[in-house]
Amino acid sequence: MIPRTADGTTAVGPDAGHGAGHGATALLLAELTRNGRISLRLACSRLTTWESLLVQHVLGRGDVEFLAADPDGPADPDSPGGPGGPGGPEAPGPDTVTLTRSPLAGLSLWAPGEPPGPEAEHLGGLLVPAEVLDAVAEETRVIEAREAADRHEADTILRTWEKNGELDDRLARLADWVERVESVYILIGRDVFSKSDAGTNTLTRQGLLTGLRASPVDDWRPADRLFVVLAYCLFVSGRSVRFEEFNGLQLSATGLREFLLDRHAQYCAALDRGPSGAAGLPLLELAQVVRDLMHDVDRSELMRYRRINGLTFVKNERLLDFPLPRDPETMPELVARHGRLNLGVDPTGDVRADLRAMTLAAVALDATADADPGPAPPGQGAVGELLAAVVLSSIVATDADYGMSSSVRDLSGLRGVRPGSADGVLALKKGDFFCCCLPHPTRMAEVGDETAPILWRSAQRMMYNRWHFAPGEYDRAEIPEKRHYFFPPQVPDIAEHAEHHHGGHVASRVRYTIRAPGAQVWHPPFTVFGHGYRGCYDIRLVRMEGPPFTTTELAEAVRHCSLVDELWRTLAQGLQSGTLHVPPVAGFDRSWYESRGWERLRPFALATRTPARVDPV
């Protein structure tokens with residue numbers, strides 16, 4: 001058994017486990033996996049070829065000794081008391097692998113004689129048998145030979161762009177794509193290509209891409225040449241969100257080709273098609289074929305979703321066996337009861353038709369309240385209360401601590417000067433969006449007075465995100481250069497350890513999350529005033545403590561997002577046809593949260609008596 005400290009982390013050192021070899025294994029496993037929060041496969045994927053092979057060779061060996069660094073000693077190896085200074089321990093020998101740690105890169109292993117990175121924390125070293133180092137060197141040469149061959153194709157692509165006068169335009173587009181994704185943190189060997197508020201920003205703030213535009217290709221580092229081509233291919237295969245599939249990981253020419261071939265094989269299997277010789281396709285053509293297949297997969301019996309690890313920023317696409325239509329088979333009980341008791345809508349068994357009828361009834365109630373000079377209607381109106389019923393139902397069904405749904409307050413604000421133009425969206429401010437963020441009826445009792453601040457902080461962040469996503473489905477030429485925006489999320493995701501590197505998540509105690517965006521990619525875009533949108537509303541769920549969410553709960557969130565989808569489509573259709581007066585969604589502002597407005601929701605009272613029910617996928 002690996003010893004653990006009082007705070008539950010792994011205790012590692014030369015005496016941990018059963019002997020020096022087991023101590024080395026315990027340390028490597030704990031550091032690589034962040035004490036089990038990252039899979040070993042994922043952890044090894046961020047190591048260089050030499051590091052990864054060394055780890056595979058030494059794990060479990062009894063003849064690998066861990067040499068601990070002096071925790072109180074100076075960092076300078078040549079200073080008094082340092083490894084190479086007077087009074088310090090003996091300098092690392094020819095078979096000593098230096099171990100360092102850094103906040104984003106995690107554990108790094110440095111070959112004998114290789115100087116460690118200047119900003120890393122020194123942990124100690126591994127005394128590795130010479131024959132192991134020989135074997136690792138031999139295997140590294142084999143892999144690097146294949147990589148050199150694959151890099152030749154990437155270099156050829158780059159030189160062709162340069163020869164044809166296309167390179168500067170492609171670099172400008174790449175720089176713009178990088179700005180449309182929240183975090184980029186890609187490793188090529190020891191070089192970091194990043195754009196993140198939580199760590200380094202070599203690509204934009206430190207001017208790497210700008211510098212490449214100002215210098216000839218011959219002056220670029222090999223890693224720079226590779227990054228430009230491979231990142232471009234990643235975008236071709238599925239927009240800039242593909243960058244995130246290599247966050248915190250090594251990106252190589254061989255690795256990218258294998259990634260695209262794997263994705264091609266998965267998509268073909270989902271569509272029951274043969275692979276059709278994809279292995280022989282040129283890199284850019286292979287990326288485009290993957291992109292084309294992706295849209296067909298979105299209408300297959302498998303659902304694309306992403307698994308996110310907040311420690312590394314990595315967001316890996318997966319496929320879930322989840323047949324269409326992915327709507328609830330029956331109306332969730334809480335929503336059905338709210339419709340029956342508060343909106344006068346008896347269920348017919350057609351879930352979307354019933355939700356449509358509830359939406360129309362809610363609009364009618366809000367219209368009556370607007371015309372009635374009597375008592376003020378509920379702060380969020382009947383439409384807002386119906387949306388709250390769907391959100392509460394998703395929270396109860398998935399046993400989340402809290403959940404939310406956000407969108408634009410006033411659909412008429414999306415109307416441009418001409419149908420489909422972006423000026424309406426571009427005129428919107430953060431306050432033109434809202435977020436219905438609600439707690440579980442009982443699970444947040446221990447939070448007490450912090451409930452309202454947590455919900456309001458989350459709501460504010462979602463309002464900002466919604467504003468940030470709003471222009472993301474317009475052509476780049478329609479958006480002013482200085483208007484920053486992100487591409488909106490399109491496929492569901494499930495995340496763990498979301499509080500790392502994110503101050504907003506820490507403040508709102510966000511650890512495990514689910515996001516189900518709409519309009520869902522297996523449906524047409526949400527179209528209003530001549531333009532189609534994705535990622536313009538959603539269901540989001542949060543757990544502050546474990547256990548993590550599962551794909552069963554992800555599927556339940558997706559089903560509830562179908563109800564949100566029907567609500568907004570009904571409102572948009574009535575607004576555009578002139579058959580409905582659709583007022584802005586009221587409430588869900590600071591005063592609503594500070595006054596604990598969720599406790600006045602009629603569905604909230606119903607939710608305390610609604611058992612959780614999750615349909616099997």
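**Helix packing, cavities and backbone features**

Helices H7 and H9 are roughly parallel to each other, therefore, by the angle between them (under 35 degrees counts as roughly parallel, over 145 as roughly antiparallel, 65 to 115 as roughly perpendicular and the rest as oblique). The model is predicted, so local features need pLDDT of at least 70 and side-chain atom pairs count only at pLDDT 80 or more, while totals for chains, interfaces and linings use all residues. Residues are numbered from 1 along each chain as its sequence is written, and side-chain values use heavy atoms, with hydrogens and water left out. Helices (H or I, at least four residues) and strands (E, at least two) are DSSP runs numbered from the N terminus.

**Helix pairs**

- H7 (residues 222-238) and H9 (residues 283-297) pack at about 25° with axes 6 Å apart; axes are lines fitted to C-alpha atoms, for helices over the stretch in contact, and angles run from 0 to 180 degrees between N-to-C directions.
- The crossing of H7 and H9 is right-handed (the near helix is turned clockwise from the far one by less than a right angle; anticlockwise is left-handed).
- Residues of H7 that meet H9 include Leu 230, Tyr 232 and Phe 235, and those of H9 include Leu 284, Ala 287 and Met 294; contact means heavy atoms within 4.5 Å.
- This contact has 10 nonpolar, three polar and one charged residues (Ala, Val, Leu, Ile, Met, Phe, Trp, Tyr, Cys and Pro count as nonpolar, Asp, Glu, Lys and Arg as charged, and the others, Gly among them, as polar).
- H5 (residues 167-179) also meets H7: their axes come within 10 Å and cross at roughly 65°, in a left-handed crossing.
- Arg 170, Leu 171, Arg 173, Leu 174 and Trp 177 of H5 make that contact with Phe 227, Val 228, Ala 231, Tyr 232 and Phe 235 of H7, giving eight nonpolar, no polar and two charged residues.
- H3 (residues 49-58) and H4 (residues 130-163) pack at about 135° with axes 9 Å apart, and are therefore oblique to each other.
- The H3 and H4 crossing is right-handed; among the residues in contact are Trp 50 and Leu 53 in H3, and Val 136 and Ile 143 in H4.
- By class, the contact of H3 with H4 has nine nonpolar, three polar and one charged residues.

**Cavities**

- There are four cavities of 30 Å³ or more; a cavity is a set of points on a 1 Å grid over the protein atoms alone where a 1.4 Å probe fits but cannot get out, and lining residues have an atom within 4 Å of a point.
- The largest cavity holds about 160 Å³, where a volume is the space filled by probe spheres set on grid points joined across faces, edges and corners.
- Of its 18 lining residues, Leu 414, Phe 433, Ala 470, Tyr 533 and Cys 536 are closest to the centre of the largest cavity.
- The lining of the largest cavity has 12 nonpolar, three polar and three charged residues, with at least two each from strand S9 (402-408) and helix H14 (451-469).
- The second largest cavity has a volume of about 70 Å³, and the closest to its centre of 13 lining residues are Leu 32, Arg 34, Ile 38, Ala 43 and Arg 46.
- Helix H1 (20-32), helix H2 (40-45) and strand S3 (106-110) each give two or more residues to the lining of the second largest cavity.

**Backbone**

- Arg 34, in the loop between H1 and H2, has a positive phi near 50° although it is not glycine.
- The Leu 324 to Pro 325 peptide bond is cis, with omega near 15°; Pro 325 lies in the loop between strand S8 (314-321) and helix H10 (333-342).
- The Gly 546 to Pro 547 peptide bond is cis, with omega near 5°.

Key:
1 Å grid on protein atoms, 1.4 Å probe; cavity = no way out; pocket = protein on both sides within 12 Å on 5 of 7 lines; lining within 4 Å.
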